[in-house]
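Thanks for passing this one along. Here are my notes on the ligand and its surroundings.

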Amino acid sequence: MSRRILVCQTQEDLFEAAAQFVVQSLTFQPDSGKTYSVALSGGSTPQRLFVRLAAAPYRSKVDWSSLCIFWGDEREVPPEHSESNFRMAKENLLDRVPIPPNQIFRMEGERPAQEAAVRYEKVLHHAFSQNNKEGVPRFDLILLGMGSDGHTASLFPETAVLEEREQWVAAPWVEKFHTHRITLTPPLFNAAKQVLFVVSGSDKDQAAEAVLEGPFQPNRYPAQIVNPVQGDLVWLLDREAASRLKKSSFTEWTRDNEKML
Ligand code: 6PG
């Protein structure tokens with residue numbers, strides 16, 4: 001597993017770097033029939049990345065027909081709800097690019113979370129049954145964010161799902177929001193070929209320091225659980241989110257050294 005931490009001077013650069021990483025990490029081979037499995041993150045941060053990917057110059061660099069879209073987590077709300085991660089991705093990306101509808105696999109937030117989790121696990125079994133000897137689905141790319149408490153996807157501090165090693169999809173109760181969530185589990189994040197964290201804002205600085213430089217305490221900082229066993233882990237942060245990191249911990253990303261992604 002390789003881990004890289006890249007810090008961008010501005011939010012603008014952060015989403016530029018993230019868009020470049022997504023395009024570079026999916027080495028499209030048109031007409032190869034190969035498809036790429038990408039799990040999208042939720043929350044507000046990815047919105048600007050999605051808008052950027054759906055516009056020039058990135059829109060023409062992606063072979064959208066070869067993408068299979070999944071989610072890392074979802075809220076227990078219907079797809080038209082303002083809190084829906086599916087809705088956010090639909091409005092900012094999926095409605096603007098030609099991904100075949102039968103290659104978009106959303107989590108059914110409108111169902112009771114436990115039922116939605118069981119159904120999504122079946123969806124993953126089917127979607128990955130073709131090329132998957134290892135058993136656990138191996139996503140080509142998983143996008144993740146991080147909360148100011150160090151949670152990622154819907155893996156929240158001090159929750160039982162952090163210990164999950166069998167199930168691929170879980171429906172944890174999140175006391176903080178008095179709701180259930182639907183989320184992929186640690187084994188799936190750690191089986192991925194590539195994981196990209198995109199983290200922005202000063203409210204994330206303490207969690208970023210604890211997760212990236214602090215002792216290993218995944219129960220307290222769940223984002224620490226994500227360490228793809230045979231994959232690449234890239235953290236992209238803006239200056240605010242990275243303000244407490246030691247200079248030695250990261251590399252500056254600037255537009256003229258975009259090759260480093
Ligand atoms: C969700 C996300 C969650 C998110 C963080 C950061 O469904 O909320 O998957 O893990 O990435 O909460 O959220 P922001 O990007 O809104 O700060």
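The points below go from the pocket to the ligand within it.

1. A word on the basis: this is a predicted model, in which local features need pLDDT of at least 70, side-chain atom pairs count only at pLDDT 80 or more, and totals for chains, interfaces and linings use all residues. Numbering starts from 1 along each chain as its sequence is written, and side-chain values use heavy atoms, with hydrogens and water left out.

2. The ligand sits in the largest pocket (more than half of its atoms lie within 2 Å of the grid points). A pocket here is an open set of points on a 1 Å grid over the protein atoms alone, where a 1.4 Å probe fits, with protein on both sides within 12 Å along at least five of seven lines. Its volume is about 450 Å³, taken as the space filled by probe spheres set on the points.

3. What lines the largest pocket? There are 25 lining residues, with G42, G43, S44, R75 and H151 nearest the centre (lining means an atom within 4 Å of a point). Strands β4 (73-75) and β8 (179-184) each contribute at least two of the lining residues.

4. Around the ligand itself I find 15 residues, the closest being S44, T45, D73, R75 and A153 (a heavy atom within 4 Å).

5. Please look at the polar side-chain atoms facing ligand oxygens: S44 comes to 2.7 Å, T45 to 2.6 Å and D73 to 2.7 Å. The protein covers 86% of the 410 Å² of accessible area that the ligand has on its own (Shrake-Rupley method, 1.4 Å probe).

Definitions and conventions: A polar contact is a pair of N or O atoms within 3.5 Å; within protein, one must be able to donate a hydrogen and the other to accept it, and residues adjacent in sequence count only if both atoms are side-chain atoms. Helices (H or I, at least four residues) and strands (E, at least two) are DSSP runs, numbered from the N terminus.
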